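Welcome to this tour! Open your viewer, get ready to select residues by number, and follow along from stop to stop.

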Amino acid sequence: HKDIFFFLSGSQLKSLDKDNQIVDLVETPLPQNRSSLNYFNTNDNLFIYWRNKVQNLVKIDLKNNSTSIIKIPLVLRDLNWVKTVLMDGYVWICTNNSTFKCQIAGDQLVVEDRFLKNESTTGIEKDINGNLWIATINNSVFIIPNLGIVHYDLPADYTNLMSAAPFDEKIIIGSYSGNVGVFDIQKKKIKTLYKLSSKVNKLLYLPDQKKIV
């Protein structure tokens, strides 16, 4: 689905191609009034989650333009899903209590592992060394290498992290207070690049262009 964008208009899923042609695809079971919308996609399927009285994960088959419901385990039903990431064949769900490593088996979402219980997590990234970086609210950033969890205490300006992303051999982080900085893993030091007037919801580094988005 290269060069094709998908978007929701009410409960209707539509696509927009590189020629700006809009195509109606499928009517979804998503309600008109919804909150906490999360999504991720594989090559052939789009998954959309929303939180309301009846929590559901909707699977949209992009080849056949059909929808189905993926059942959510009890442990995830009462939590606020902050961010959902598809990585290494697993679905990683950052919530207000833990980060969950999950798989989709048939019509079930299955929890494989749980990290940082009782921590409110806001984002997860993998660096070039295969380490997982999990940003949290009120407790800085955690690194999960192969041998266990390493916890770094960060300065007050970076306590409420909203986003983290690989940055060459370092990590770029953004905070609720609007600070954008580079964390040197080896030196355990932060160099602040920008002080913005609003919180940093999402960071992305484009290595080919040497640009931060």
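**Stop 1: a charged pair**

Select Lys195 and Asp157: they form a salt bridge, with the closest N and O atoms 3.8 Å apart. The pair links distant parts of the chain, since Lys195 sits in strand β19 (residues 189-195) while Asp157 is in the loop between β15 (150-152) and β16 (161-167), 38 residues apart. Lys195 counts as exposed, at 61% relative accessibility, and Asp157 is partly exposed, with a relative accessible area of 40%. Keep in mind as you look that this is a predicted model. The structure holds 5 salt bridges, and we will visit others on the way.

**Stop 2: from a loop to β12**

Now select Lys126 and Asp88, whose side chains meet in a salt bridge (2.2 Å, N to O). Lys126 lies in strand β12 and Asp88 in the loop between β8 (81-87) and β9 (90-95), so this pair ties together parts that are 38 residues apart in sequence. Asp88 counts as exposed at 51% relative accessibility, whereas Lys126, at 31%, counts as partly exposed.

**Stop 3: β13 and its two partners**

Stay with Lys126 and find its bridge partner in β13, which is Leu132. Strand β12 (residues 121-126) pairs with β13 in the antiparallel sense over 5 bridges. The two strands form a hairpin with 5 residues between them, and Gly130 in the turn has a positive phi of about 85°.

Next, select residues 132-136 to show the whole of β13. Are its residues buried or exposed? In this strand, 5 of 5 residues are buried. Turn the view to follow the side chains: Leu132, Ile134 and Thr136 point one way, and Trp133 and Ala135 point the other way. In a regular strand, side chains alternate between the two faces of the sheet.

On to strand β14 (residues 141-144), which runs antiparallel to β13 and is joined to it by 4 bridges. Here the bridge partner of Leu132 is Ile144. Another hairpin is formed by β13 and β14, with 4 residues between them; Asn138 in the turn has a positive phi of about 75°.

**Stop 4: an open sheet**

Finally, look at the open sheet of 3 strands, ordered β1-β2-β3 with antiparallel pairing. Its edge strands are β1 (5-9) and β3 (22-27), each pairing on one side only. Strand β2 (residues 12-16) is joined to β3 by 5 bridges; select Ser15 and its bridge partner in β3, Val23.

Last, select Lys14 and Asp24, whose side chains meet in a salt bridge (3.5 Å, N to O). Lys14 lies in strand β2 and Asp24 in strand β3, so the pair ties together parts that are 10 residues apart in sequence. Lys14 counts as buried, at 19% relative accessibility.

Note on methods
Residues are numbered from 1 along each chain as its sequence is written. This is a predicted model: local features need pLDDT of at least 70, side-chain atom pairs count only at pLDDT 80 or more; totals for chains, interfaces and linings use all residues. Side-chain values use heavy atoms; hydrogens and water are left out. Buried means under 20% relative accessible area, exposed over 50%, partly exposed in between (1.4 Å probe, protein chains only). Two strands pair if DSSP finds at least two bridges between them. A salt bridge is a side-chain nitrogen of Lys or Arg within 4 Å of a carboxyl oxygen of Asp or Glu.
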